[in-house]
Amino acid sequence: MTPEVVLLDFGGTLDADGVHWSPRFHMAYRAEGGTLDLAAFDSFFKLSDQALARLPGIAALGFRAAIETQARLLGEVLPDRAQVNPAAVARRLHGDALAVVERNRPVLERLARRYRLGVVSNFTGNLEPCLEELGLARLFAAVSDSAVVGWSKPDPRIFLGALATLSARPERAWMVGDNFEADIRGAAALGMRTCWLAPPERPLPPGAGEQAPVPTARIARFVDVERVLA
Ligand SMILES: [Mg+2]
């Protein structure tokens, strides 16, 4: 059956080629003089993630403000905070993400002419304002933010909710994402086709592809998604 719907993850998929938020923040932090390695940094990043999700007013924060806020929250917990400027970390991260979004924009515009598109994201309640700020909101007929809908990937209910909004069955849909457990296993379990966005060196998790073929396709750069869907 010809796919008619494409569901997409947001973070790490539309704004970076399969690189998660924590290593992206870590790269920006190191470039601005931070000294922790990724493993040590990641525990503080998780604290900042939790603080961000609890922040009053988070639902209204756009993309840039969310990055600036998380960099500030991170700056409050890092042991080497005295030597790293949170605003500079945020500026670097935001600039990199924006460049990837700009590169991806024409791809998304072409996809939107051929498919009904939806975003399905484990997010913090402010996915809509983020997509608005990036000028992407008009391309998506369904936006499912886990903090808004109450289910997180890989729970089937978040995928099924987006598919219901788009009046599509799972067999007629693709899911494109960078998180194997959340995006790929979750969608594949429903019978969706799956496209995993991951750097070439990232190994397929154990157990993948046993009942076959999961993922349906794999790409290293989001711009290669059109070739896979065609
Ligand atoms: Mg992601």
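Biologist: In helix α8, which residues are buried?

Modeller: In this predicted model, the buried residues of α8 are F180, A182, D183, I184, G186, A187 and A188. A residue is called buried when 20 or more other C-beta atoms lie within 10 Å of its own, and by that reading helix α8, residues 180-188, is mostly covered, with 7 of its 9 residues buried.

Biologist: What covers the buried residues of α8?

Modeller: The covering elements include helix α7 (156-165) together with the strands β4 (173-177) and β5 (193-197).

Biologist: How should I read the other end of that scale, and is S167 buried or exposed?

Modeller: A residue with 12 or fewer such neighbours is taken as exposed, and S167, with 12 other C-beta atoms within 10 Å, is therefore exposed. S167 sits in the loop between α7 and β4, and its phi is near 50°, a positive value in a residue other than glycine.

Biologist: And A137, where is that residue found?

Modeller: A137 belongs to the loop between α5 and β3 (142-145). A count between the two limits is read as partly exposed, so A137, having 15 C-beta neighbours inside 10 Å, falls into that class. Once its neighbours within four places in sequence are left aside, A137 is in contact with E128, L131 and E132. A137 and V119 are 18 residues apart along the chain, and their C-alpha atoms are separated by 9.5 Å.

Biologist: Which peptide bond is cis?

Modeller: The bond from K153 to P154 is cis, with omega near 10°, and P154 lies in the loop between α6 (146-149) and α7.

Biologist: Turning to helix packing, at what angle do α1 and α2 pack?

Modeller: Helix α1 (residues 21-31) and helix α2 (residues 38-54) pack at an angle of about 110°, with their axes 10 Å apart. Since angles of 65 to 115 degrees count as roughly perpendicular, α1 and α2 are described in that way, and their crossing is right-handed. The contact is formed by S22, P23, F25, H26 and Y29 from α1, and by L38, F41, D42 and F45 from α2. Sorted by class, the residues of this contact are 6 nonpolar, 2 polar and 1 charged.

Biologist: How are α1 and α4 placed relative to each other?

Modeller: Helix α1 and helix α4 (residues 86-114) pack at an angle of about 125°, with their axes 9 Å apart, and the two helices are therefore oblique to each other. The crossing of α1 and α4 is right-handed. On the α1 side, R24, F25, A28, Y29 and A31 meet V89, R92 and L93 of α4, and this contact has 6 nonpolar residues, no polar ones and 2 charged ones.

Biologist: At the level of the whole protein, which domains does the assignment give?

Modeller: The domain assignment gives domain 1, made of 5-18 + 101-229, and domain 2, made of 21-97. The centres of domain 1 and domain 2, taken over C-alpha atoms, are separated by 24 Å.

Biologist: How many residues of domain 1 are in contact with domain 2, and which helix gives the most to that side?

Modeller: Between the two domains, 13 residues of domain 1 are in contact with 13 residues of domain 2. Helix α5 (residues 127-133) gives the most to the side of domain 1 that touches domain 2, with 3 residues. The residues on that side of domain 1 divide into 6 nonpolar, 5 polar and 2 charged.

Methods. Residues numbered from 1 in each chain as written. Predicted model: local features only at pLDDT ≥ 70, side-chain atom pairs only at ≥ 80, totals over all residues. Axes fitted to C-alpha atoms, helices over the stretch in contact; angles between N-to-C directions. Helix = DSSP H or I, 4+ residues; strand = E, 2+ residues; numbered from the N terminus. Parallel < 35°, antiparallel > 145°, perpendicular 65-115°, else oblique. Left-handed = near helix turned anticlockwise from the far one by under 90°. Contact = placed C-beta atoms within 7 Å. Nonpolar A, V, L, I, M, F, W, Y, C, P; charged D, E, K, R; others polar. Domains from an automatic or database assignment.
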